[in-house]
Amino acid sequence: MRQRQPPGPPIELIYRQSLKRSHSNAYRSRHPEAFGFAKHRRTHPHPMSTKLESTGPNTEAAPITGSCLCGKVAFEVKGVPLKFLYCHCRSCQKSSGSIHAANLAFPEGSVTWTQGEDLIEMFVDTNENPGFPRCFCKNCGSPVPKLSRNRQFWVVPSGTLDSDPGMRPQANICWAEHAPWFAPADQIAKHDGPLA
Ligand SMILES: [Zn+2]
Ligand SMILES: [Zn+2]
């Protein structure tokens with residue numbers, strides 16, 4: 001499953017270290033190289049990586065809990081989301097195994113791991129969006145939150161949340177790469193349970 005890494009610094013180690021130290025400004029100033037992914041960026045940066053600016057977490061909002069499918073990785077998200085986007089890029093199609101990703105962006109400092117942080121594995125895309133990190137539970141494979149490449153916000157897969165984040169999807173991004181079989185959910189038949 002794991003693919004050949006691009007040349008350069010050990011990006012997984014750097015990312016893991018920076019995940020654990022995401023609140024430490026002192027660490028950033030000592031290790032500026034740990035926060036640069038420029039070497040691996042695509043020519044047109046991923047929209048979730050570049051178009052959002054953090055205004056800091058809203059600590060007055062009640063935290064939302066979230067977890068992976070097996071429940072071993074769990075977290076809390078504080079504050080209000082910045083964005084809720086469907087991403088149709090090929091990287092999101094492949095990594096989700098679905099028609100698009102559905103991610104919320106929260107300000108840096110919003111996510112706190114409550115258990116299972118040691119079970120988080122990272123894969124760095126070398127094909128569709130080179131350098132783009134994908135974090136997942138290594139027990140069940142579910143995607144879990146990750147920091148954006150510019151480290152200004154968290155990307156939280158909406159399906160991992162245990163309650164309604166309040167915001168509704170706002171936009172389809174990377175629409176140029178959307179799957180040819182895309183059909184809006186409200187335009188196809190609905191069944192309350194699985195098909196027999
Ligand atoms: Zn899991
Ligand atoms: Zn995407």
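**Notebook: strands and cores**

I began at the hairpin of β8 and β9, where five residues lie between the strands and Arg151 takes a positive phi near 65 degrees. The model is predicted, and I kept that in mind throughout.

I looked up how β8 and β9 pair. β8 covers residues 146-147, and two bridges join it to β9 in an antiparallel arrangement. I found Leu147 opposite Trp154 of β9.

**The other neighbour of this strand.** Next I checked β4 against β9. They run antiparallel and are joined by five bridges. Asn103 has Pro157 in β9 as its bridge partner.

**Burial of β9.** I asked myself: is β9 buried or exposed? Five of its five residues are buried, so β9 is largely enclosed by the rest of the structure. I then sorted the side chains by direction. Phe153, Val155 and Pro157 point one way, Trp154 and Val156 point the other way, and all are buried.

**The five-stranded sheet.** I traced the strand order as β8-β9-β4-β3-β10. This sheet is open, and its pairing is mixed. At the edges I found β8 and β10 (171-173), each pairing on one side only. I also looked at β3, residues 83-87. It pairs with β4 over five bridges, in the antiparallel sense. Lys83 stands opposite Ala105 of β4.

**The three-stranded sheet.** I turned to the open sheet ordered β1-β2-β5, which has antiparallel pairing. Its edge strands are β1 (64-67) and β5 (111-115), and each pairs on one side only. From one strand to the next, I noted a twist that averages 30 degrees. Four bridges hold the antiparallel pair of β2 and β5. Within that pair, Ala74 has Gln115 in β5 as its bridge partner.

**The cores.** Last, I went through the nonpolar residues. The largest nonpolar core has 12 residues, among them Ile64, Phe75, Leu104, Phe106, Val111 and Trp154. Which strands each supply at least two residues of this core? I found three: β2 (74-77), β4 (101-107) and β9 (153-157). The largest share, four residues, comes from β9. Phe153, Trp154, Val155 and Val156 are all on the core's list.

Notes:
Residues are numbered from 1 along each chain as its sequence is written. Chains are lettered from A and ligands numbered from 1 in the order in which they are written. This is a predicted model: local features need pLDDT of at least 70, side-chain atom pairs count only at pLDDT 80 or more; totals for chains, interfaces and linings use all residues. A nonpolar core is a set of buried Ala, Val, Leu, Ile, Met, Phe, Trp, Tyr and Cys residues joined through C-beta atoms within 7 Å. A residue is buried if 20 or more other C-beta atoms lie within 10 Å of its own, exposed if 12 or fewer, and partly exposed in between; C-beta atoms are placed from the backbone. Two strands pair if DSSP finds at least two bridges between them. Axes are lines fitted to C-alpha atoms, for helices over the stretch in contact, and angles run from 0 to 180 degrees between N-to-C directions.
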